[in-house]
Every structure is written in C-alpha cells, then in structure tokens.
Amino acid sequence: MRCKLAVALALAVCAAGAHADSDSFSDIFTNGHVDGELRLYDFNRIYDTPATPDAHALSLAALINAQTGAFLGGFSLGGSFVTANALGTKDDNPAKIDTSLMGPNSSLGAWSQAYLQFKRDWFLFRGGYQYLNTPWMGGNDSRVIPSSYNAALVDITPVKDWNIYAIRTFSWKSRTSNGMYDDNLYYPSKYNGDSMYGNNGALPLTAPEANGTWAAGTTYVNGGLKAEGWYYDFLRFARMGYVNGSYTFNTDTPFNPFIAVQALRENDSGGDNILVQTQAKLVGVAGNRVKAEAWGADVGTSIYDGRIDFAYNKLDGESGAVGEGSLISPYTVNYATDPLFTTSMIRGLVEIGPGHAWKARAQYNFFDKKLQLVAAYAKYTSLERGDSHDVYFDIIYNLDSVLKGLQLRDRWERSVGGVANLNPGNEPFTYNRLMISYKF
C-alpha cells in the first residue's frame, strides 16, 4: 500500500500533543487563522465546426483554509476544504458540458490540504496533503478548485531571498478529483475511479500506476535578478532539468527593460518508462524513449503603468522519441499551466509538440491599478500539428473599493489553424472564461 502521509502525520501530532502544556494548546487556537475564497466561474467553449456541440459549465465554489498557531517550538497543523456546485445548470447531454471546470457531475467536494508543518528560523518542513508552487508541479489554479499533492516538502533558506527545496510526492488530486490518486494527466478519465477531466488521457486504463515524483530546486532573488533551477524525476515518466532566469534594468524612468531566458532537457526515468511500455501516442506518435530539449527567451519593458514583451520558444524534434520529442509534463499537460514563455490560455508547445512559437503581449493598468487590460498574440509552428495562432484578451477589475477581496475577470481566447484535430474539425475554437472571486 502506498504511503499515506496525512494519516501518519496526524497520528504523530496527536502523540506529540499529549505532552504539550496548556499554554501550547492555547497558542494553537489564539494564533491560528482561517481564510478562504468564493469563486463563481462561467466557462463557454464555442466551436466553429457543427460536428462538435458548444460546451458550457457554471460553478460556485468555496475554498476554506485553516492553520493553527505554532506549538511545541514550531509545529502547526493546516487544512483546506474545497467544494463546488453547478447550481442546477448542468446539461443533460455530457457533450455539452465543459468537464474541465469541475467534471461532469453537479457537485464536487474534497480535502485539498491536510498537513503537519514545522517552521523555525531558516527551516521549514511540511508533510501531508498540500499545495505546491514549482514551475512544473503546481496548483494549476485556473479553475474553481486547484490541484494538490500528498507530499513531503523541505524548504531551507540559507540567506535572505535564497531558497533550497526538496520534495517527494506520492499521489495527487487533479482539479476535478475528489481525492488523492496514483496517476497524472497522461492517464484516462476515471482511471482507478479518479474523476479526472480536462486531462491528456494518452495512456490506457490498464497502464501501471504512477509512482509520484522526486524534485529538488533552488530560487534566488536579488534586486533586478531572479533565477531558479529545478530537477524533477517524474518516476517512470521522465527526468527533467530546468533553469530560468531574468534581469530587470532599473533606469529610474517609466521604462525598465528586462530580459529572461529558460532552458530544459528531459530523458528517460529508467528502463520501465510507462509511456514507452504502453506505446502511448503523444501528438499521434509513439516512441522507444523519452528525449526533449527546449529553450526560450523573453524581452520587453515596463511602460508607465503597463508592460510589453516578445517571447520565443523552441522545442526540438527527436526521431524515435515519444511524441517525436514532445515535452513530458505529467502535471501541466492539457492544463496549459507550464512556465514556457509562449504558452497561451488554451495550449502551448507542451500540448502541440515539437516546433517553435513566438508570442507578443501587452498589458496596462488604469484607475490606480484597479483595472488591468491584457492582449496577446501567439503563433505556433509544429512538426505534427501544423501551424496555428491564438488571439487573447483579458480584463481584470479589482473592486476593493466596493468590497475588499472582490475581483471580476473575463478571459477570452480564439485559436485558429492546426491539423490532426488540434481544434475540433480543424476549425477555429473560442474559449471564454468569466470569473468572479471574493477572498476573505
């Protein structure tokens, strides 16, 4: 049986707590805190092909977080409960439901966090169900419920603004799952009973279970410099090395130029690779090994209360590799939440496969940063999915003056082009996401 961190850690806390004095118990409650967020999301997928019906989903969700105060010299307990409901709007035809929002059901509820934490000075340990925030394994928080992981995390801060991380995940909960499962986004929906939707689903239902991930990384910030390096061993899927760095030149004017670069390399995670064993086809191509190499650059500048930038990414083709050199990303594929500079709202090179992409983006803030407007254009040229482009608009309105924590946001993107059914029927596809959130 796979290690159940949350249960073991809870028992450990109970045993330790038995020896705590009354002051420690008092601190648990008096220094604890509760916060949360309400989200009302209305998503619409609009297809130009008559062969695919338009899809819609509406969901009201609540995310409640709680953490105790510190006891026994730095221990604390934390937890998060998430619940979502379609409010009776679910269509009777499953093909007309945007299942990426909360699956095909009318409601969803789960514990997304339940952890024990120890924090003192330069050292932090957290074990159990938790949110992670790393480039290739994070919360994927563009739906009503974020992803979470059954994991152990160590964060060491040798000096200010320099962090070193070590992480071991055992299982995870996707954005539409009601619990932790031994799978990832390459598995099909309902694998081992998991209500996972919006995923890649390239593997068969008979595929072996995923074994989780080892990860280690470091981040550093100093003035205009931001740098990070990460190593991931997605067990039985891929080993990845990833670096990313940026520098902003402070000119003491409204124009502060910046430049950013990123690079990664992937290979097999051993001779028992699940994608190779099952001959899974990514972008229509199976392979006898995993190999991927990519790099990118982003240049731009601030302009008063705005910013413009131009980005480029290249993912090399690799004959004989899975997906002809596709980037293996078990926790972002099909979610479009990876850190590549040219990823759009709908998809990027992780989903499209080997090729190259460029993206232009502009944003500007109005009314004391209450209103933000964003526009972007991305062009993709791929080996297996042809040429396509995405046009994107984003309107963000913060209503703190009306109710602190209230935000309205409307994201709209239209994808045109591509082959091999990149968009249904190889016709244009429009995605509109209206989101209202309230943090308390």
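1. Strands here are DSSP runs of E with at least two residues, and helices are runs of H or I with at least four, both numbered from the N terminus. By this naming, Asp368 lies in the loop between β14 (355–366) and β15 (371–382). This is a predicted model, in which local features need pLDDT of at least 70 and side-chain atom pairs count only at pLDDT 80 or more, while totals for chains, interfaces and linings use all residues. Residues are numbered from 1 along each chain as its sequence is written, and side-chain values use heavy atoms, with hydrogens and water left out.

2. The loop between β14 and β15 also holds Lys369. Asp368 has a positive phi near 60° although it is not glycine, and Lys369 likewise has a positive phi, near 70°. Asp368 is exposed (over 50% relative accessible area; buried is under 20% and partly exposed in between, with a 1.4 Å probe and protein chains only), because its relative accessibility is 71%. Lys369 counts as partly exposed because its value is 48%.

3. A nonpolar surface patch of about 980 Å² includes Trp162, Tyr247, Phe249, Ile259 and Phe310. The elements contributing two or more residues to this patch are β7 (162–173), β11 (257–267) and β13 (306–315). Patch members have over 30% relative accessible area and no salt bridge; nonpolar side chains (Val, Leu, Ile, Met, Phe, Trp, Tyr) are joined within 5 Å, and like charges within 9 Å. A salt bridge is a side-chain nitrogen of Lys or Arg within 4 Å of a carboxyl oxygen of Asp or Glu. Accessible areas follow the Shrake-Rupley method with a 1.4 Å probe, and for residues only the protein chains shown count as cover. Ile259, found in strand β11, is partly exposed because its relative accessibility is 40%.

4. Rings of Phe, Tyr and Trp (its six-membered ring) pair if their centres lie within 6.5 Å; planes under 30 degrees apart are stacked, over 60 edge-to-face, and the rest tilted. The count comes to 28 aromatic pairs. Trp230 and Tyr232 are stacked, at 5.9 Å centre to centre and 20° between the planes, and both are buried. Tyr247 and Phe249 are edge-to-face, at 4.9 Å and 70°. Tyr247 is partly exposed at 37%, as is Phe249 at 42%.

5. One aromatic cluster is formed by Tyr149, Tyr165, Trp172, Trp230, Tyr232, Phe234 and Tyr331.

6. A charge sits over a ring if NZ of Lys or CZ of Arg is within 6 Å of the ring centre and within 35 degrees of the ring normal. Arg175 lies over the face of Tyr335, 3.4 Å from the ring centre. Arg433 lies over the face of Tyr431, at 4.4 Å.
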